[in-house]
Amino acid sequence: MKIVAVCGMGIGTSVLLKMNAEKVLAKLGIDADVEAADMGVARGAAQTAEIVLTSEELAEELGDVPAEVIIINNFFDLEEITEKLTAAVE
Amino acid sequence: MALNLAEALSSIETQAEAADWRAAIRLAGAGLVAGGATTDAYTDEMIDAVEKHGPYIVIAPGVALAHSRPSPAVLTGGLSWVSLATPVEFGNKANDPVTLVIGLAAKDHDAHLQVMRSLAGVLSDGPAMKRLVVAKTADEVRAVLGDLAAAAA
């Protein structure tokens, strides 16, 4: 499974989101490739990814993509990430 | 394995006063400049990033990760720490108001990953964050971060 973590710049928030998503995926036993991307890269990457992780503001900016877009409010709340990722893969 | 985040911080300012989110980011930017990590232009770039993409940098309740992309204004890259005496609204529905602004500058997309891992560890530690946001001095912040690194080692 391909997952893209998106932020505006691709160096900060998306990297943190990728790290925490990987922790959650490992715990859930889901085999997935998580990529951190900035908005420009993400528009392309989101065409082939199954899931996009991002914040509410950026989800609006990203617009319509074929991937399922999951909005994360607290990037450090592993429970929130776990809950939303579990719901998305089921 | 765990890097002591205190060693990665270019500057630490505690209980600072900022009138609004721009002023708060300016403090974080000034910290990066003071530590030799960036030039003043990077501070403007961090503010531009929020103007362009919105207040998404408020990534957890009370925490803003101010940053822009790698640019000529990034000299060495680094991290600055600014805790605010009075919380500031960034316009982020889920996570306002902000009491801690972390300024981040990176030379490229990979150089700072170890620092980011350490930062993620600190920010996801609720009890430590409570101590960090009320810390009155830079030495107190360093002491908490040092304890965390020692506990994770």
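Residues are numbered from 1 along each chain as its sequence is written, and chains are lettered from A in the order in which they are written. In this predicted model local features need pLDDT of at least 70, side-chain atom pairs count only at pLDDT 80 or more, and totals for chains, interfaces and linings use all residues, while side-chain values use heavy atoms, without hydrogens and water.

Me: In what order do the strands of the open sheet of chain A stand?
Reply: Strands here are DSSP runs of E of at least two residues, helices runs of H or I of at least four, numbered from the N terminus; two strands pair if DSSP finds at least two bridges between them. The sheet has 4 strands and its pairing is parallel. β2 (33-38) and β4 of chain A each have a single partner strand, so they stand at the edges. The order is β2-β1-β3-β4.

Me: Which residue of β2(A) is the bridge partner of A:Val6?
Reply: Strand β1 (residues 2-7) of chain A pairs with β2(A) in the parallel sense over 6 bridges. In β2(A), the partner of A:Val6 is A:Ala37.

Me: At what angle do α1(A) and α4(A) pack?
Reply: Axes are lines fitted to C-alpha atoms, for helices over the stretch in contact, and angles run from 0 to 180 degrees between N-to-C directions; contact means heavy atoms within 4.5 Å. Residues of α1(A), including A:Leu17, A:Ala21 and A:Leu28, meet residues of α4(A), among them A:Leu78, A:Ile81 and A:Leu85. The axes of α1 (13-28) and α4 (78-89) of chain A are 10 Å apart, and the angle is about 65°.

Me: Is A:Asn74 buried or exposed?
Reply: A:Asn74 lies in the loop between β4 (68-71) and α4 of chain A. Beyond its neighbours within four places in sequence, A:Asn74 is in contact with A:Glu80, B:Ile59, B:Ala60 and B:Pro61. Buried means under 20% relative accessible area, exposed over 50% and partly exposed in between, with a 1.4 Å probe and protein chains only. Because its relative accessibility is 15%, A:Asn74 counts as buried.

Me: Which exposed residues does the face of α3(B) turned away from its buried side carry?
Reply: The buried residues of α3(B) are B:Tyr42, B:Thr43, B:Met46, B:Ile47, B:Ala49, B:Val50 and B:His53. They cover an arc of only 150°, taken from the directions from the helix axis to the C-beta atoms, which puts them on the same side of α3(B). These buried residues pack against elements of both chains, including α2 (39-45) of chain A and β5 (98-105) of chain B. The face turned away carries B:Asp40 and B:Lys52.

Me: Which residue of β5(B) is the bridge partner of B:Ala66?
Reply: The open sheet of chain B has 5 strands in the order β1-β4-β5-β3-β2, with mixed pairing. Within this sheet β3(B) and β5(B) run parallel, joined by 5 bridges. In β5(B), the partner of B:Ala66 is B:Gly103.
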